[in-house]
Amino acid sequence: MLAVLSNLALIAYACATGLALAYLVQREELVHRLAGLATVAGWAVHSIALIVLVTETGRPPFGTLSEAVSVAVWVVVLLEMLVERQYRIPALGAFVMPVVVVLSLKATAARPATLQQLGDAFHGAWVWVHIALAMIGIAAFVLNFAGALMYLLQEHQLKAKRPGTFYYRLPDLQTLDRLTYRTLALGFPFLTTGLILGAVWARTAWGSVLTFDPLASLSSLAWVIYAATLAGRALAGLHGRRAAYFALFGFTMLVLTLGAGFFLPGRHGS
């Protein structure tokens, strides 16, 4: 049943992605409403799938990296729906939902593990809080990435002598810059707290905080990038295009982090 629900959620997200991209090109209100309905349907089915996972395994729904990514996807979609309504950016789904589909493809490929199979290290509350906070941070940074991408695209449209089609689909630069800042300010505390708790847990479970692990090392580098971006915004007036480039750089590092967890040997990916 879990596999069926996960696949149904993925199909709904894929439909929402196609409709959101179609709206970006055609700007038909009906297409946007259908994209919204597909997104809500996918999120609802995804929610049921997570509940089933908790029921079947008897633990929180992020005992493996694939499950943690699935939770991050769930949070991303929730934030996308809330931010789209709050900021009135109907084109947001066209930039967020493709990322959701890509992450969902990997998240639905793994089999769930029971609490007994995960080992003694996963019996403490610290590890669950660590994973949950880190995934919320990553979810916020997906929205940060989308806002930065839209900002650069809209800026390019404004600089052109004849603005293209996307110019009329995207909000003004001030709105997009505010979106990238607020999603950065939202995600950074969650990621920071998650990494700190992860270090505490690593010392307990592995015996040392300095134990090399590709995912942990790259996530620390991503934290440095986002910390520098936030500090630059607060202290040096970093905004606009430069802040958008930092957001893209930080998200690239997060993608490499997840890739390392999935494909490179290490404690997180084992």
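Histidine 239 counts as partly exposed, because its relative accessibility is 48%; buried means under 20% relative accessible area, exposed over 50%, and partly exposed in between, with a 1.4 Å probe and protein chains only. The residue sits in the loop between helix H8 and helix H9 (240-263). Helices here are DSSP runs of H or I of at least four residues, strands are runs of E of at least two, and both are numbered from the N terminus. The structure is a predicted model, in which local features need pLDDT of at least 70 and side-chain atom pairs count only at pLDDT 80 or more, while totals for chains, interfaces and linings use all residues. Residues are numbered from 1 along each chain as its sequence is written, and side-chain values use heavy atoms, with hydrogens and water left out.

Leaving aside residues up to four places away in sequence, histidine 239 touches Asp177 and Arg233, a contact being heavy atoms within 4.5 Å. A polar atom of the histidine 239 side chain lies 2.7 Å from the backbone oxygen of glycine 237. That glycine comes just after H8 and takes a positive phi of about 70°. Threonine 180 is 59 residues from histidine 239 along the chain, and the C-alpha atoms of the two are 9.2 Å apart.

Aspartate 177 forms a salt bridge with arginine 233, with 2.9 Å between the closest N and O atoms; a salt bridge is a side-chain nitrogen of Lys or Arg within 4 Å of a carboxyl oxygen of Asp or Glu. Since aspartate 177 lies in helix H7 (residues 173-205) and arginine 233 in helix H8, the pair ties together parts that are 56 residues apart in sequence. Aspartate 177 is buried, with a relative accessible area of 15%, and arginine 233 counts as buried at 13% relative accessibility. Side chains of opposite charge can pair when their charged atoms come close.

Helix H8 runs over residues 214-235, and its 22 residues should span 32 Å at 1.5 Å a residue; the end C-alpha atoms are 31 Å apart, which agrees. The expected span is 1.5 Å times one less than the number of residues. Among the buried residues of H8 are Pro214, Leu215, Tyr226 and Arg233.

How many salt bridges does the structure hold? There are four. One of them joins arginine 241 to glutamate 155, where the closest N and O atoms are 3.1 Å apart. This pair links distant parts of the chain, with arginine 241 in helix H9 and glutamate 155 in helix H6 (residues 125-159), 86 residues apart. Arginine 241 counts as partly exposed at 35% relative accessibility, whereas glutamate 155 is buried at 13%. Glutamate 29 and arginine 33 form another salt bridge, with their closest N and O atoms 3.8 Å apart. These two are four residues apart in helix H2 (residues 29-57), so about one helical turn separates them. Glutamate 29 is partly exposed at 44% relative accessibility, and arginine 33 is exposed at 57%.

Helix H6 leads on to the interior. Its 35 residues should span 51 Å at 1.5 Å a residue, and the end C-alpha atoms are 51 Å apart, which agrees. H6 is mostly covered, with 25 of its 35 residues buried.

A nonpolar core is a set of buried Ala, Val, Leu, Ile, Met, Phe, Trp, Tyr and Cys residues joined through side-chain atoms within 4.5 Å. The largest such core has 69 residues, of which Tyr13, Leu92, Val96, Val100 and Met150 touch the most other members. Two or more residues come from each of helix H1 (2-26), H2, helix H3 (65-87), helix H4 (92-107), H6, H7, H8 and H9. H6 gives the most to this core, with 17 residues. Among the residues that methionine 150 touches, not counting those up to four places away in sequence, are Ile89, Leu92, Phe95 and Leu170.

The whole protein has nine helices and zero strands. Of its 270 residues, 49% count as buried. Among contacts between residues at least 6 apart in sequence, 79% join residues at least 24 apart. The protein exposes about 13,400 Å², and carbon and sulfur atoms supply 67% of it; accessible areas come from the Shrake-Rupley method with a 1.4 Å probe, and for residues only the protein chains shown count as cover.

Conventions. Polar contact = N/O pair within 3.5 Å; in protein donor to acceptor, adjacent residues only side chain to side chain.
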